[in-house]
Amino acid sequence: MSTSIEEHKEIINLLGGGKKLTARLKVLSNENINEKTVYSWVRQGIPDKWKVAVSRCLLEDNINITNYKNLLPPGLHIDNLFSANNSIKIFSSSKVLKTDETILQNIMNKEQLLKLYEMMINIRRFEEKVGQFYSMGLIGGFCHLYIGQEGVISGIEMLANPSDCFITGYRCHAHMVTRGEPMLNIFSELLGNSAGCSKGKGGSMHMFREENNFFGGHGIVGAQVPIGTGIAFANKYKNKQSITFTFFGDGAVNQGQVYEAFNMAALWQLPIIYIIENNQYGMGTSVERASAMNELFRRGESFGIKGYEVDGMDPLSIYGNLKQICEKIREKPEPILIEAKTYRYRGHSMSDPGKYRTREEVQETRENRDPIERVRALLISKKYLTEENIKDIDKKAKENVAKAAELAREKEMPDNSELYEDVYRDLDI
Ligand SMILES: Cc1ncc(C[n+]2csc(CCOP(=O)(O)OP(=O)(O)O)c2C)c(N)n1
Ligand SMILES: [Mg+2]
């Protein structure tokens, strides 16, 4: 492989030598660059600042730019350069992913299926307990439960690496659980205790655990999308292999900042998967009433972001389809948009009378599309577990949750002197 100096020397020669190149760069950049500077690049290499302009000269001369591995500055993808020639490509390859049932049933081995099942049961029992505590007046502020949506985060967690980054909105307890945070710390946070993962200052909507690469927990609808994009940029810039999973809702998808973030993610080809958890409703309004265009997986197309719809009530489909997508992104970073069609069984928050949908609709989904039931049935039909084993798993999950919840009640509230601490801090991700 050639060094960047040898490569850059070859490029300068191909472009007609220092004199010609100087003239071309002057036109392209409006900057006063002299021949002596350009000649010095033959010995020192082309500085980052001039690499984009030099790449454009190569493109104009129809020279295959991909031969030159050392030419593009960090963070810039080759496709970015094509916009200069007005040839930016619009992808319309977004699609609904449907996978054959027999493939899905065999996509995980016994150990994986068990892990997935336990993960989902833990989330559900955890959230049920949170609902109970809220009704008992133990939890202050807003509180949004994830019951019904367990398949989305669990399917993804089954394929993610610990070094991958996660960020979501206020419906964030489940993401904390699957990222490995002890339930005691999550309950403590909900109760406002100093043992909480955010020292009791964040509450239900603002949980963080940097060590687990979980970056919140955000109360402003859509705000996590540009932040997730920034994390993905940092990872690419620092040559980290991590994918950033950025979750948001069907309501959030109509926020302007989502599209500003999409633009940058596509421009810089960032390693990010945007996941719209389309649970069919925002804060009391159905997606049909709130969105002019309901094929949400297509929302990235005008930026060249490929989008896929998957069944969010089926963790096996999430796992199977996203696994392939992640493998590709790890090899060659690019942003991808996933619309996971899911459903929440409870109200938007704890204070939602739920007048915008019928009980029958909720009941019908619970009975026919429940993600936990789907995996339970598979475990039984494959004879990996008996009904008795299933009951034991459930009992153990309930006990663990109850133990963590009761222990959290014994923890202390933060001291008043803590009030002005932890307001701002630099992250080194
Ligand atoms: C910028 C902003 N606007 C409005 C709100 C109030 N609000 C909180 S949640 C919500 C609905 C969001 O729905 P969706 O994105 O579908 O997420 P879901 O609650 O279904 O998970 C709204 C409007 C807010 N928190 N932030
Ligand atoms: Mg929603």
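Ala, Val, Leu, Ile, Met, Phe, Trp, Tyr, Cys and Pro count here as nonpolar, Asp, Glu, Lys and Arg as charged, and the others, Gly among them, as polar. By that scheme, the shell around ligand 1 holds 5 nonpolar, 6 polar and 2 charged residues. The model is predicted. Its protein chain has 17 helices and 6 strands.

**The chain as a whole**

- The protein chain has 429 residues, and 41% of them count as buried.
- The C-alpha trace spans about 80 × 60 × 40 Å along its principal axes.
- Take the contacts between residues at least 6 apart in sequence: 75% of these join residues at least 24 apart.

**Around ligand 1**

- Ligand 1 is surrounded by 13 residues.
- The closest are Val221, Gly249, Gly251, Ala252 and Gly282.

**Helix α10, an enclosed helix**

- Helix α10 covers residues 183-191.
- 9 of its 9 residues are buried, so α10 is largely enclosed by the rest of the structure.
- These buried residues are Met183, Leu184, Asn185, Ile186, Phe187, Ser188, Glu189, Leu190 and Leu191.
- They pack against three helices: α7, α9 (173-178) and α17 (387-409).

**Helix α10 against α17**

- The axes of α10 and α17 lie 8 Å apart, and the two helices pack at an angle of about 45 degrees.
- The helices α10 and α17 are therefore oblique to each other.
- Their crossing is right-handed.
- On the α10 side, the contact uses Met183, Leu184, Phe187, Ser188 and Leu191.
- On the α17 side, it uses Asn400, Val401, Ala404, Ala405, Leu407, Ala408 and Arg409.
- By class, the contact of α10 with α17 has 9 nonpolar residues, 2 polar and 1 charged.

**Helix α7 against α8**

- Helix α7 (residues 110-135) packs on α8 at an angle of about 140 degrees, with the axes 10 Å apart.
- That angle makes α7 oblique to α8, because angles over 145 degrees are needed to count as roughly antiparallel.
- The crossing of α7 and α8 is right-handed.
- From α7, the contact takes in Leu116, Met119, Met120, Ile123 and Arg124.
- From α8, it takes in Glu150, Gly151, Ser154 and Glu157.
- The contact of α7 with α8 divides into 4 nonpolar, 2 polar and 3 charged residues.

**Helix α8 against α14**

- Helix α8 (residues 150-157) also meets helix α14 (residues 315-331).
- Their axes come within 8 Å and cross at roughly 35 degrees.
- The crossing of α8 and α14 is right-handed.
- Helix α8 contributes Gly151, Val152, Ser154, Gly155 and Ile156 to the contact.
- Helix α14 contributes Pro315, Leu316, Ile318, Tyr319 and Leu322.
- The contact of α8 with α14 has 7 nonpolar residues, 3 polar and no charged.

**Tyr343, a buried loop residue**

- Tyr343 sits in the loop between β6 (336-341) and α15 (359-369).
- Tyr343 has 24 other C-beta atoms within 10 Å, so this residue is buried.
- Beyond its neighbours within four places in sequence, Tyr343 is in contact with Gly148, Asn279, Gln280, Met313, Thr365 and Arg369.
- Tyr343 and Pro226 are 117 residues apart in sequence, and their C-alpha atoms are 25 Å apart in space.

- Asn239 is a residue other than glycine with a positive phi, near 55 degrees.
- Asn239 lies in the loop between α11 (224-237) and β3 (244-249).
- Asn239 counts as exposed because it has 7 C-beta neighbours inside 10 Å.
- Asp422, also a residue other than glycine, has a positive phi near 60 degrees.
- Asp422 belongs to the segment after α17.
- With 12 other C-beta atoms within 10 Å, Asp422 is exposed; the cut-off for exposed is 12 or fewer.

Key. Residues numbered from 1 in each chain as written. Chains lettered and ligands numbered in written order. Predicted model: local features only at pLDDT ≥ 70, side-chain atom pairs only at ≥ 80, totals over all residues. Near = placed C-beta within 6 Å. Axes fitted to C-alpha atoms, helices over the stretch in contact; angles between N-to-C directions. Helix = DSSP H or I, 4+ residues; strand = E, 2+ residues; numbered from the N terminus. Left-handed = near helix turned anticlockwise from the far one by under 90°. Contact = placed C-beta atoms within 7 Å. Parallel < 35°, antiparallel > 145°, perpendicular 65-115°, else oblique. Buried ≥ 20, exposed ≤ 12 C-beta atoms within 10 Å, placed from the backbone.
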